[in-house]
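Here's a quick briefing on how two chains come together. Have a look at the structure first, then read on.

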Amino acid sequence: MPRIVREAEIAWEGTVSRGSGVVTAASSGAFELPVTIASRVGDPEGKTSPEELLAAAHATCFVTSLGSELARAGTPPERLTVRCVITMDEVEGVGHRVIASAISASGVAPGADAAGFAQAAEAADAGCPFSALLKASATVTVDARLEEVVA
Amino acid sequence: MTTRTANVTWSGSLLEGAGRIEDVGSGAFGPLDVTWTSRTEEPGGRTSPEELIAAAHASCFSMALSHGLAQAGSPPERLETSATVTFVPGTGITAIALTVRGSVPGLDEDGFREAAEAAKVGCPVSKALASVPEITLDAGLL
């Protein structure tokens, strides 16, 4: 299989408490975003953080896995929505740790029933490479809900 | 305790469909389009989970290094960090390469490398990604 390489850069000025950085999507150019420590651990005030970027990565990775699993089961989705909440906490003696990633997935998949959708979500969790990585050190939970289509 | 949220949607099949990072809790970015083709071939201006992981890791590492240097009495003037994530479909994320160049008054190369090594081990994103088979660090002064 091909190796896919993606790169991001950050330039940081000053100390961690008073300084700030700008993180850039170097491969795609899709974003250029300011980050500070205060907005990372306190009120975001419109700024992203490493944990928010992880949430976006996990949600995106999961949604593609779920779409693949539903298609494999013969019930390709029309539309999927995935929300990811990453929690970081201070752990005694270890410092700040990412302790949890909570995925909530819902969608419309003609032909799938609730059990089939839940099964695809479980398989997506097993298959998403980022879920596998996070599970080594954090709790990953998946809540899946098939949307009823009103005729 | 800190929580951060992202919302993503997908329409259609994996290969022909398209996804979108609709919004994030901070409001800092989105919507950003994502597709399987732009994830695995040329990005064409679109981000991907791997690029977002690279951004998370580079920014977390830089904050940890800045903090460590300041704690040791030699706060940095400037740090330039890049993170490169390698993804092999079917296998997963196989490697992350961190490169950092710093301007740190009063610190020599060895001291900088030592602080960078500590940041690589200690930053929360490094810990979350500790099961990546290979995480490398190239550190030096500007």
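Two strands pair if DSSP finds at least two bridges between them, and strands themselves (E, at least two residues) are DSSP runs, like helices (H or I, at least four), numbered from the N terminus. With that in hand, Cys84(A) stands opposite Ala6(B) in β1(B). Keep in mind that this is a predicted model: local features need pLDDT of at least 70, side-chain atom pairs count only at pLDDT 80 or more, and totals for chains, interfaces and linings use all residues. Residues are numbered from 1 along each chain as its sequence is written, while chains are lettered from A and ligands numbered from 1 in the order in which they are written.

**The contact between the chains**
- Chain B puts in 73 residues and chain A 74 residues, where a contact means C-beta atoms, placed from the backbone, within 7 Å.
- On the side of chain B that touches chain A, elements giving two or more residues include β1 (2–11), α2 (49–71) and β4 (78–88) of chain B.
- The largest share of that side, 16 residues, comes from α2(B).
- By class, that side of chain B has 37 nonpolar, 29 polar and 7 charged residues (Ala, Val, Leu, Ile, Met, Phe, Trp, Tyr, Cys and Pro are nonpolar, Asp, Glu, Lys and Arg charged, and the others, Gly among them, polar).

**Strands**
- β4 of chain A (residues 79–91) pairs with β1(B) in the antiparallel sense, over 10 bridges.
- An open sheet of 6 strands runs β3(A)-β2(A)-β1(A)-β4(B)-β5(B)-β6(B), with mixed pairing.
- β3 (32–35) of chain A and β6 (134–141) of chain B stand at the edges with a single partner strand each, so one side of each has no neighbour in the sheet.
- Within chain A, β1 (residues 4–13) and β2 (residues 20–25) pair in the antiparallel sense over 6 bridges, and Ala8(A) stands opposite Ala25(A) in β2(A).

**Helix against helix**
- Helix α2 (residues 50–72) of chain A packs on α2(B) at an angle of about 165°, their axes 8 Å apart (axes are lines fitted to C-alpha atoms, for helices over the stretch in contact, and angles run from 0 to 180 degrees between N-to-C directions).
- That makes α2(A) roughly antiparallel to α2(B), a label for angles over 145 degrees.
- Residues of α2(A) including Leu53(A), Ala57(A) and Cys61(A) meet a set in α2(B) that includes Leu52(B), Ala56(B) and Cys60(B).
- By class, this helix contact has 12 nonpolar, 2 polar and no charged residues.

Conventions:
Two residues are in contact if their C-beta atoms, placed from the backbone, lie within 7 Å. Angles under 35 degrees count as roughly parallel, over 145 as roughly antiparallel, 65 to 115 as roughly perpendicular and the rest as oblique.
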